[in-house]
Amino acid sequence: MSLRPIILHPDPRLKKVCPQVPAVTDEIRRLAEDMLETMYDAPGVGLAAPQLGEMKRLFVMDCARGEVEGEKPRPMVLINPEIIWQSAETSTYEEGCLSIPEQYADITRPSRVRMRWLGLDGQTHEEDFTGLWATCAQHELDHLNGKLFIDYLGPMRRQLITRKMLKFKRERAKQV
Ligand code: NI
């Protein structure tokens with residue numbers, strides 16, 4: 001396993017639609033392990049393959065971060081995920097993104113989604129996600145379609161965040 005650098009916004013790789021993963025190979029298994037390690041190290045609750053420059057339809061998530069007593073870690077790997085049902089009811093969470101550090105915004109999404117995906121075991125899985133899991137799953141699926149949480153904001157707010165990120169990247173480049 002290895003930690004990999006996370007691509008920061010703005011970057012054209014974060015704006016692309018990723019193609020399906022044709023089969024669960026050793027390469028995909030290694031990538032999923034790297035993604036989980038990189039996500040936990042960041043730390044974050046979700047990470048999508050294009051954030052590491054891997055243009056493939058998979059993401060990892062674990063929203064069980066020990067904030068609820070007795071909650072065990074639950075690393076999940078979702079390959080070729082799709083939403084097969086979503087609730088009309090919505091909820092609003094303050095979202096952030098490992099590709100847009102230190103920037104947060106309230107985003108409204110369906111409060112419950114049913115997802116279907118291919119697991120590392122080669123089997124099709126289906127599950128209903130609620131709460132933070134539902135928000136995270138939708139945020140990560142958006143990454144596979146080249147969409148960021150700031151794309152839900154108005155143009156003024158989005159441009160402000162993008163300008164801050166350009167400054168952040170310039171300053172970081174100077175430090176290296
Ligand atoms: Ni993100």
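This report describes a metal site, some aromatic contacts and a pocket in one protein structure.

The structure is a predicted model, in which local features need pLDDT of at least 70 and side-chain atom pairs count only at pLDDT 80 or more, while totals for chains, interfaces and linings use all residues. Residues are numbered from 1 along each chain as its sequence is written, and side-chain values use heavy atoms, with hydrogens and water left out.

## The nickel site

The nickel ion has as its protein donors Cys97 (SG), His139 (NE2) and His143 (NE2), which lie 2.1 to 2.3 Å from it. Donors here are N, O and S atoms within 2.8 Å of the metal (3.2 Å for Na, K and Ca), and water is not among the atoms, so sites may look incomplete. Along the sequence, the spacing of the donor residues is C-x41-H-x3-H. Cysteine 97 in strand 4 (residues 90-97) and histidine 143 in helix 2 (residues 131-144) are 46 residues apart, and this pair links distant parts of the chain. Helices (H or I, at least four residues) and strands (E, at least two) are DSSP runs, numbered from the N terminus.

The term buried means under 20% relative accessible area, exposed means over 50%, and partly exposed lies in between (1.4 Å probe, protein chains only).

## Aromatic contacts

A pair of aromatic rings is described by the distance of the centres and the angle of the planes. Rings of Phe, Tyr and Trp (its six-membered ring) pair if their centres lie within 6.5 Å, and planes under 30 degrees apart count as stacked, over 60 as edge-to-face and the rest as tilted. By this rule there are two aromatic pairs, as the table shows.

| Pair | Centre to centre | Angle of planes | Class |
|---|---|---|---|
| Tryptophan 117 and phenylalanine 129 | 5.9 Å | 25° | stacked |
| Phenylalanine 129 and tryptophan 133 | 6.3 Å | 15° | stacked |

Tryptophan 117 lies in strand 6 (residues 112-118) and phenylalanine 129 in strand 7 (residues 124-130), so their pair ties together parts that are 12 residues apart in sequence. Together, Trp117, Phe129 and Trp133 form one aromatic cluster. Tryptophan 117 and phenylalanine 129 are both buried, and tryptophan 133 counts as buried because its relative accessibility is 16%.

Arginine 74 lies over the face of tryptophan 133, at 5.7 Å from the ring centre, while lysine 147 lies over the face of tyrosine 152, at 4.3 Å from the ring centre. A charge sits over a ring if NZ of Lys or CZ of Arg is within 6 Å of the ring centre and within 35 degrees of the ring normal.

## The largest pocket

The largest pocket holds about 740 Å³ of space. Of the 35 residues that line this pocket, Pro43, Gly44, Val45, Cys97 and Leu98 are the closest to its centre. A pocket is an open set of points on a 1 Å grid over the protein atoms alone, where a 1.4 Å probe fits, with protein on both sides within 12 Å along at least five of seven lines, and lining residues have an atom within 4 Å of a point. Helix 2 gives the largest share of the lining, six residues.

Key: Grid points are joined across faces, edges and corners, and a volume is the space filled by probe spheres set on the points.
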